[in-house]
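I set out to record what I looked up in this structure, entry by entry.

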Amino acid sequence: MTGRLVAVVTQQLLDELTAVLMRPKFRRWVSVAAATVFVQRLAEEADLHPDPGAPGQRLRDPDDDYLVALAEQTGATIVTGDRDLLDAELEPPAIAPSRLAALLN
């Protein structure tokens with residue numbers, strides 16, 4: 001690794017993140033204004049890719065298949081705390097956020 005982290009996103013992922021951050025349960029951690037700015041900045045800084053299309057079913061949670069398809073299309077590594085993704089036989093394997101610091105050094 002180069003010591004640099006680049007987020008790989010699609011418009012669908014940005015829209016999903018916006019929808020999730022707008023949920024009332026997140027108000028205790030982030031305001032609507034701050035969440036909006038965060039997603040806008042992420043969109044500006046991230047590597048925006050087209051939607052990878054309909055993925056084949058590979059994981060227990062079919063919603064995660066989209067992320068696998070995007071990672072395969074772009075060569076990105078999935079960084080997640082989702083046990084299903086971490087345990088899946090992906091190439092490259094998904095990694096937990098706690099492992100990022102060691103990989104970037």
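**Entry 1: the largest pocket**

I looked up the largest pocket and found that it holds about 920 Å³ of space. I worked on a predicted model, in which local features need pLDDT of at least 70 and side-chain atom pairs count only at pLDDT 80 or more, while totals for chains, interfaces and linings use all residues. Residues are numbered from 1 along each chain as its sequence is written, and side-chain values use heavy atoms, with hydrogens and water left out.

I noted the terms: on a 1 Å grid over the protein atoms alone, a pocket is an open set of points with protein on both sides within 12 Å along at least five of seven lines, a cavity is a set of points where a 1.4 Å probe fits but cannot get out, and lining residues have an atom within 4 Å of a point. Grid points are joined across faces, edges and corners, and a volume is the space filled by probe spheres set on the points.

Which residues lie nearest the centre of the largest pocket? I found Ala7, Val8, Thr77, Ile78 and Val79 there, among 30 lining residues. Two or more lining residues come from each of strand E1 (8-9) and helices H1 (11-21), H2 (32-45), H3 (62-74) and H5 (100-104); helices (H or I, at least four residues) and strands (E, at least two) are DSSP runs, numbered from the N terminus. H1 gives the most, with five residues.

I sorted this lining into 23 nonpolar, four polar and three charged residues. Ala, Val, Leu, Ile, Met, Phe, Trp, Tyr, Cys and Pro count as nonpolar, Asp, Glu, Lys and Arg as charged, and the others, Gly among them, as polar.

**Entry 2: H1 and H2**

I found that the axes of H1 and H2 come within 10 Å and cross at roughly 165°. Axes are lines fitted to C-alpha atoms, for helices over the stretch in contact, with angles from 0 to 180 degrees between N-to-C directions. H1 is therefore roughly antiparallel to H2 (an angle over 145 degrees). Leu14, Leu17, Thr18 and Leu21 in H1 meet Ala35, Phe38, Val39, Leu42 and Ala43 in H2, contact being heavy atoms within 4.5 Å.

**Entry 3: the cavity and Pro92**

I found one cavity of 30 Å³ or more. The largest cavity has about 80 Å³ of space, and its lining includes Glu91 and Pro92. The peptide bond from Glu91 to Pro92 is cis, with omega near 0°. Pro92 sits in the loop between helix H4 (83-87) and H5.

Definitions and conventions:
Angles under 35 degrees count as roughly parallel, over 145 as roughly antiparallel, 65 to 115 as roughly perpendicular and the rest as oblique.
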